[in-house]
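Student: I am new to this structure and would like to learn how to read its features; could we go through them together?

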Amino acid sequence: MLRGQGAWCGLEAGNGFAVDVGWDLYVYVGSDRPCPDAVARTRELGLFPDPVTASPHAADLQEPGVTEAADAEFWTRLRGMLASERTVLLEENHVRNAARWHRLTEANLDAVRDGLTPRALLTVWPDLNPDVDAVLAALPEDGSVEFVREAQDGTIAHVFADSADYQELAFLVADATAARALSAYVDERHPLACAALPDSDGVLRARW
């Protein structure tokens with residue numbers, strides 16, 4: 001996380017203690033009581049602790065995230081999509097910045113659902129396009145994309161790229177059997193559906 005790569009998560013102990021790494025790559029440590037010894041020790045180690053009233057990434061300061069639960073109604077709606085679209089792409093985020101991808105059909109829906117990570121964020125996209133060259137040709141001249149591709153062995157992976165990376169990207173996905181380019185900008189991403197898995201009692205406790 002301190003290198004700005006890979007998954008993102010936060011450490012919390014009730015309302016008494018929390019640690020997170022911000023997008024600015026600063027470490028934010030929160031406590032419900034003063035910690036003068038810890039601050040002094042941090043300075044001894046050559047670091048520079050600065051007091052703040054709260055982490056800018058604290059959950060109660062962020063914009064509301066996904067509030068829809070992947071409940072029975074969600075799965076019924078998804079089955080309806082599969083009846084008309086036949087195949088859709090499911091993005092399963094088990095932690096921030098990390099995803100597993102599934103090409104859903106009516107035949108494999110139940111098996112994929114049984115293997116999903118608890119409290120995962122589920123985002124449904126249109127299916128991959130088997131014409132990979134057409135997907136590459138339609139990439140925007142400016143901006144960044146999340147390029148999702150399926151390999152010949154059926155595994156699905158994604159990579160972020162901008163216009164400076166397109167030549168390298170074309171080489172990287174040369175053996176792909178299907179692909180889709182998704183905008184990397186939040187306000188330009190329009191999934192078919194998005195919901196988070198509730199706990200076994202039906203209560204949605206995941207924060208996305």
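**Reading contacts, cores and phi**

Student: Leaving aside neighbours within four places in sequence, which residues is leucine 104 in contact with?

Tutor: Contact means heavy atoms within 4.5 Å, and by that rule leucine 104, leaving aside its neighbours within four places in sequence, touches Leu78, Leu82, Arg86, Thr87, Val88, Leu90, Leu109 and Val112. This is a predicted model, in which local features need pLDDT of at least 70 and side-chain atom pairs count only at pLDDT 80 or more, while totals for chains, interfaces and linings use all residues. Residues are numbered from 1 along each chain as its sequence is written, and side-chain values use heavy atoms, with hydrogens and water left out.

Student: Which residues touch the most other members of the largest nonpolar core?

Tutor: A nonpolar core is a set of buried Ala, Val, Leu, Ile, Met, Phe, Trp, Tyr and Cys residues joined through side-chain atoms within 4.5 Å; buried means under 20% relative accessible area, exposed over 50%, and partly exposed in between (1.4 Å probe, protein chains only). Here the largest such core has 18 residues, and Phe74, Trp75, Leu78, Leu104, Leu122 and Val124 touch the most other members.

Student: What is the phi of arginine 86, and is arginine 86 buried or exposed?

Tutor: Most residues other than glycine have a negative phi. Arginine 86, however, has a positive phi, near 75°, and with 68% relative accessibility it counts as exposed. Arginine 119 also has a positive phi, near 65°, and is partly exposed, at a relative accessible area of 37%.
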